[in-house]
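Here are a few exercises to work through with the model open beside you. Try each task before reading its solution.

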Amino acid sequence: MNSQQNKMSLLFKSVKATIEQAAAGEKFVENLLGERLRAAAIAARKELDPDIDKVTNEQLIKLSQSLGVDGITLFARVGDDIVGLKSSEPKEINLSSKNWDTNFVAFQQLFDLQPVSVGMGQTLPHFWSGPMDTATSNPSVINKWGYYYDGTTNYLIDPFLHDTSFRSYQNITGVEDAIRRIADENQGIALEISVLNSDKLLGRAIPEKHPTPNDWYSAREVLFGSYQYRDPKERDYAAAALSGNKTVFYLAEANGKSVMKSFTPITTEDYLKYHPQGSPLLIEIASDLGEVNKTLRHQLLQTAVFMACCTVVIIALMVLILWFFRKNKENALKNVQDAYLANINELFQSIREQRHDFINHIQTIHAFLQLKRYDDLQKYTNALVGEIRAVGELVNIRDPALIALMQAKLSQAESRGVRLDYEFAHMDQLQLSPVRSTDAVKILSNLIDNAFDATCELDPERRFVKVRGAARSGQIQFSVANTGACIPKERQSDIFKSGYSTKGTGRNSGLGLHIVKQLANRYKGSIQVKSGDGITEFSVTLMMSPTSSHIHQAAGEQAGR
C-alpha cells in the first residue's frame, strides 16, 4: 500500500510538472492571441465613429471580417451596467455584463482609464484580455475576448476569437493532452487523472460581488481530465487536502471497483487563471487496487500460516510452563508440609518431655507430703503453677507451629541468659493454612533472633525481650521489643535491604529483616520500627483473611524460593 502511494505521489509530481509546462505554453499562446485582439481593437477604433450611436451592426460584421477576428462587440455604460449595445453577433446585442464578476470590474477600470488589476488575464495599455471562457450569449461556444478603451470613444471595443485554433493547440500540446498522455502511460497506477475546481467539488459559494454564471467554462467542476470514480466521502478528503495543503490518500468503492484515491492541491500561478479569489485547484488520481488486493491476499495467507505455527508453538510452551509451575508448586507445598510436620514433631517432643517432668513433679509432691514438709511443698507448687500457666498460654495460641516456635525460643532464651516475656491475645481466632503458618513463623523467628542478638551485647541482668501477638479482624499483629543499642534514624530505612547488617562482619547475613519485609509486602501488610531510650521495637501487621488467592500466591512465591 505504501508502494502504491509512493507511485501515485511520483505520478502527481509528473502531472504537476507537465501541467505547469503546458499551462505556461497555453498562457504564452493566449497572450499572443491577446496582442492580436488589441491590434484588431486599435484598427477598429480608427475605422469606427467615436459615437456608438453612429456605428451600425453591419459595419461591425464587415470590420471583423477584414480584421481577421470572429466578431466585434461595442460596450457602453448604461446606468450602473455596462451593456453590449452594438455587435457583429446578434446574440451579443443588449447583453448585460453586470453579472460577469471579474470582467465587469475590468470594464469599470478601463472606462476609468486605469490599468486593469483583477489578478488574472493579460493587461496591456488601455487593454485587458481574460482567459478563454464560455460565451454568455451562446454557452456552447468558448471564446477569447479582448477589451480596449483609450478615452477617445464613448464605448469599449471588444473583438473576440473562437477557440477553434486554440483548441487545436491544446489537443496537441496543452493540459488536456498532457493529462491524457500521462494517464495512458501509467495505466497500472492511474485509472483516471483529473484537475478539479475545488469550490465546485465542495459546493462552496465564492464570495463574489457579481457571481460567475454556472454555465461558464471557468465554473466547471472538472476542468481537465475525467472524473468517473466518484464516492460519498470525496468531499471530506478533498477538504482535508485543502486545509492541510498536502496529499490525502484513502480507499473507496467507486464505479464498481476498489480504488485508492488521492487529492492534492495545486497552486501554480500560471494555471490559476480562473477564479483567482477561489480555493486552489485539486489534482485527483484514482488507482485500481485489484493488483494490490491480490498481493495483500497472498501476504495474508502467508501471515495466517505463520501465525498458526506460532500459535501451536506458544500453546506448547504454555503447557510446558504450566507443567513446571505445577511441579514447583507441588514441591513448595511439600516443603511447607515437611516444615509444618517438623514443628508438630517438636511440639510433641516438648509434650513428651513435659509429661516426663509431670511424673517427676507428682513424685516430688508425694515425697513432700510423706515428709509433712508443707512449707517446702507450697513453695514448690507455686513455682510449678507458674510454669503450667505459661504452658497454658502457649497452648491457647492454637497454631501448633507458633507454639513450637515459642517453646524453642524460651529454651534459647534460658540458655543465653535472656529474660523472654510473651503476651498473646485472641489467638484462639487464628486459623492459618500450612503456608501462612510457616510464613508467620519465619517473621516471628527472624524478629526474635535479631532481638536476642541485640540484647546479648548487654550485661545478663539487662537482657530483656518482649514478644506480643494478637489476632483480630482478619489481621495478625506481632511486635518484638528488646533492650540494647538503638538504631539511628538515618539508618532505619537501610536495615531492610538485603545483605545489610548492623552487626559485625561475619556475624550475620543481613537477610533476616529483608525476609520479614518481603513477607509483609506479600500479605499486603506493613512493618514499622521504633528505636529510642535503649528500647528497639519492630511491629508487623499481616492481612490474613482466608482467601484462596493469597494461599495460591503464597504457595507460588514459596515455590520460587
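**Exercise 1. Find which side chain meets Arg230 in a salt bridge, and describe how exposed both partners are.**

Step 1. Apply the cut-off: a salt bridge needs a side-chain nitrogen of Lys or Arg within 4 Å of a carboxyl oxygen of Asp or Glu. Arg230 pairs with Glu221, at an N to O distance of 3.1 Å.

Step 2. Check the accessibility, where buried means under 20% relative accessible area, exposed over 50%, and partly exposed in between (1.4 Å probe, protein chains only). Arg230 comes out at 33%, so it counts as partly exposed. Glu221, with 23%, is partly exposed too.

A word on the ground rules: this is a predicted model, in which local features need pLDDT of at least 70 and side-chain atom pairs count only at pLDDT 80 or more, while totals for chains, interfaces and linings use all residues. Residues are numbered from 1 along each chain as its sequence is written, and side-chain values use heavy atoms, leaving out hydrogens and water.

**Exercise 2. Work out which parts of the chain the salt bridge between Glu537 and Arg468 links.**

Step 1. Start with the contact: the closest N and O atoms of Glu537 and Arg468 are 2.7 Å apart.

Step 2. Glu537 sits in strand 19 (residues 535-543) and Arg468 in strand 16 (residues 464-472), so by the WHY of accessibility Arg468, at 37%, is partly exposed. The two residues are 69 residues apart, and the pair links distant parts of the chain.

Step 3. The whole structure has 15 salt bridges.

**Exercise 3. Decide how many disulfides the model holds, and explain the result for Cys310.**

Step 1. Use the rule that a disulfide is a pair of cysteine sulfur atoms within 2.5 Å. The count is zero.

Step 2. Look at Cys309, which is in no disulfide; its nearest cysteine sulfur belongs to Cys310, 6.9 Å away.

Step 3. Turn to Cys310: its closest cysteine sulfur is that of Cys309, and 6.9 Å is too far for a bond.

Step 4. Compare accessibility: Cys309 is partly exposed at 46%, and Cys310 is partly exposed at 29%.

**Exercise 4. List the buried residues of helix 12, then find what follows the helix.**

Step 1. Helix 12 spans residues 512-522, and its buried residues are Gly512, Leu513, Val516, Leu519, Ala520 and Arg522.

Technical notes:
Helices (H or I, at least four residues) and strands (E, at least two) are DSSP runs, numbered from the N terminus.
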